[in-house]
Amino acid sequence: QVQVVESGGGLVQAGGSLRLSCAASGSIFRINGMGWYRQAPGKQRELVAAFTSGGTTNYADSVKGRFTISRDNAKNTVYLQMNSLKPEDTAVYYCHAELYTLYSVRGDYWGQGTQVTVSS
């Protein structure tokens, strides 16, 4: 069993900041990649920021310079620091982990999502 749990969403005014956290727990052998996606109403889910299996980071063009992803490998946790938030950042933010379990099974795991609302 693997669990992915996000926290830290909420309501903020434009220009404000929020920090999201995501922890993966359970029967984890190795995490290959971990990051954040978001889905706004009526739109497809899109990558926001993620660590790849090679340890590099990918960011959506729309958040570069404003959002920063970081991680604590010992805790299987990633964070998303979101600064200079805009109304168009409003979405449900999902944490994703690609990992191998203790039983050598590779899988993609998603959190339940956390709402971020940016008011103008």
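Which residue forms a salt bridge with R38, and how many Å apart are the closest N and O atoms? The legends below take up this question in a predicted model, beginning with the pair itself.

**View 1. The salt bridge of R38 and E46.** R38 forms a salt bridge with E46, and the closest N and O atoms of the two side chains are 2.8 Å apart. R38 counts as buried because its relative accessibility is 6%, which falls under the limit of 20%. E46, by contrast, is partly exposed, with a relative accessible area of 35%. In general, side chains of opposite charge can pair when their charged atoms come close. A search of the whole structure finds 6 salt bridges, and the pair of R38 and E46 is one of the salt bridges described in these legends.

View 2. R66 lies in the loop between β6 (57–59) and β7 (67–72), while D89 lies in the loop between β8 (77–82) and β9, so the pair ties together parts of the chain that are 23 residues apart in sequence. Both R66 and D89 are buried.

**View 3. The salt bridge of D61 and K64.** The side chains of D61 and K64 meet in a salt bridge, with a distance of 3.1 Å from N to O. Both of these residues, D61 and K64, are exposed, whereas R66 and D89 are both buried.

**View 4. Strand β4 and its two pairing partners, β5 and β9.** Strand β4, which comprises residues 28–39, pairs with β9 in the antiparallel sense over 10 bridges, and within this pairing the bridge partner of M34 in β9 is A97. β4 also pairs in the antiparallel sense with strand β5 (residues 46–51), here over 5 bridges, and the bridge partner of G35 in β5 is A50. The hairpin of β4 and β5 has 6 residues between the strands, and in this hairpin G42 takes a positive phi near 75°. In a regular strand, the side chains alternate between the two faces of the sheet.

**View 5. The disulfide between C22 and C95.** A search of the whole structure finds 1 disulfide, which joins C22 to C95 with a distance of 2.0 Å from S to S. The torsion about the S-S bond of C22 and C95 is about -85°, so the disulfide is left-handed. The pair links distant parts of the chain, since C22 belongs to strand β3 (residues 18–26) and C95 to strand β9, 73 residues apart. C22 counts as buried at 1% relative accessibility, and C95 is likewise buried, with a relative accessible area of 0%.

**View 6. A nonpolar patch on the surface.** F29, L102, Y103 and V105 form a nonpolar patch on the surface, and together these residues have about 480 Å² of accessible area. Y103 lies in the loop between β9 (91–101) and β10 (106–110). Y103 is exposed because its relative accessible area is 60%, which is over the limit of 50%.

Terms used
Residues numbered from 1 in each chain as written. Predicted model: local features only at pLDDT ≥ 70, side-chain atom pairs only at ≥ 80, totals over all residues. Heavy atoms only, no water. Patch = residues over 30% accessible without salt bridge, like charges linked within 9 Å, V, L, I, M, F, W, Y side chains within 5 Å. Areas by Shrake-Rupley, 256 points an atom, 1.4 Å probe, with all protein chains shown as cover. Salt bridge = Lys/Arg side-chain N within 4 Å of Asp/Glu carboxyl O. Helix = DSSP H or I, 4+ residues; strand = E, 2+ residues; numbered from the N terminus. Buried < 20%, exposed > 50% of the residue type's maximum accessible area, 1.4 Å probe, protein only. Pairing = 2+ DSSP bridges. Disulfide = S-S within 2.5 Å.
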